[in-house]
Amino acid sequence: ILVILESFSDKVIESLGGMPGVTPCINTLCDQGILFSSFYATGTRSDKGISALIASYPSLIKTSSILLFPEKMKKLYYLPEYFKERGYNLSFYYGGDPNFYNTSMLLTQAGVENIVSRNDFPLSVATMQKWGVPDAFLYERLADDLLKTQEPFFNIVYTVSSHEPFDIPSFKRIKDNSSAGRYCNSVAYADSCLGAFVERIKASRLWDNTLLIITSDHASLEPGPTTFADPASYRIPMLWTGGVVDTTFVCENIA
């Protein structure tokens, strides 16, 4: 299971030198697996992050994205493709519109046929946030489906709740209405939803045979102070955990 968290930065993860108290669930998981402490995003937008994580597309000093060139996308080798060749069931869960940034084309090229998006939820849920389905509902649907999925499977889940404008429904752990405060509150919400999902999988038959990879598409300039030229603006989490991980350590190599 590959979890891609929207706009998560090391700056809000205490275990990676960030603010205390924002991501208690991730902090706990950091002590239960392999943590990469010097992991960097390839850019500042979702299209760069998703093409890097799924297709190993490198960081380039360009404003254009590989996702805008379907003919070039055909020449990439995709991570889901590796699993498909070995008989894994593939699925992608996204709280937003899969056509945004041409993501659905990327997934089609990668061989992913089962795509669950905001279009598969009731309108009342799909419109609760500007970008789509709040993380709690997305993870609930994901867990329900995975418990019924034939193994082996490779799943990717991509969240939206920590995306601007940070319009989290009925959740207020951080009572600061500044832009930085609303970002941190959205991250706290996303962290709590991830924690609930992990606990549910841990309590199931799946956990013992599962590798859970938690990372982000890119970082955020919040809560600052950083600029686009600051390396801190690109540091994102990378954590491997799950029942198949039988050791804990911190990998300090730059990646």
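Q: Is P70 buried, partly exposed or exposed?
A: P70 is partly exposed, at 29% relative accessibility. The cut-offs are under 20% relative accessible area for buried and over 50% for exposed, with partly exposed in between (1.4 Å probe, protein chains only). This is a predicted model, so to speak of local features we need pLDDT of at least 70, and side-chain atom pairs count only at pLDDT 80 or more, while totals for chains, interfaces and linings use all residues. Residues are numbered from 1 along each chain as its sequence is written, and side-chain values use heavy atoms, leaving out hydrogens and water.

Q: Which helix holds P70?
A: P70 is in α3. Helices (H or I, at least four residues) and strands (E, at least two) are DSSP runs numbered from the N terminus.

Q: And what is P70 in contact with, beyond its sequence neighbours?
A: Leaving aside neighbours within four places in sequence, P70 touches N102 and Q109. Contact here means heavy atoms within 4.5 Å. P70 and Q109 are 39 residues apart along the chain, and their C-alpha atoms are separated by 8.7 Å.

Q: Let's follow N102, then. Where is N102?
A: N102 is in the loop between β3 and α5. Its relative accessibility is 25%, so N102 counts as partly exposed. N102 also has a positive phi of about 65°, although it is not a glycine.

Q: Why flag that?
A: Most residues other than glycine have a negative phi, and most peptide bonds are trans.

Q: OK, on to α5. Which residues of α5 are buried?
A: In α5, which covers residues 103–110, the buried ones are T103, S104, L106, L107 and A110. Seen down the axis of α5, they fall within an arc of 155°, so they line one face of the helix. That arc is taken from the directions from the helix axis to the C-beta atoms.

Q: What do those buried residues of α5 pack against?
A: They pack against α2 (46–55), α3 (70–73), α4 (79–84), β3 (89–94) and β4 (114–116). After α5 comes G111, with a positive phi near 90°.

Q: You mentioned α2. How many of the residues of α2 are buried?
A: 9 of the 10 residues are buried, so α2 is largely enclosed by the rest of the structure. The buried ones are S46, D47, G49, I50, S51, A52, L53, I54 and A55. They pack against β1 (2–5), α4, β3, α5, β5 (153–158) and β6.

Q: New topic: S216. Where does S216 lie, and is S216 buried or exposed?
A: S216 lies in strand β6. S216 is buried, with a relative accessible area of 1%.

Q: Which backbone oxygens does the side chain of S216 reach?
A: The backbone oxygen of L5 is reached at 2.9 Å, and the backbone oxygen of H218 lies 2.7 Å from a polar atom of the S216 side chain. A polar contact is a pair of N or O atoms within 3.5 Å; within protein, one must be able to donate a hydrogen and the other to accept it, and residues adjacent in sequence count only if both atoms are side-chain atoms.

Q: What else is S216 in contact with?
A: Apart from neighbours within four places in sequence, S216 is in contact with I4, L5, E6, S7, F8, L53, I236 and P237.

Q: Last one: T210. Where is the place of T210?
A: T210 is in the loop between α8 (179–202) and β6 (212–216). At 7% relative accessibility, T210 counts as buried. A polar atom of the T210 side chain lies 2.7 Å from the backbone oxygen of L206. Leaving aside neighbours within four places in sequence, T210 is in contact with I1, T241, G242, G243 and V244.
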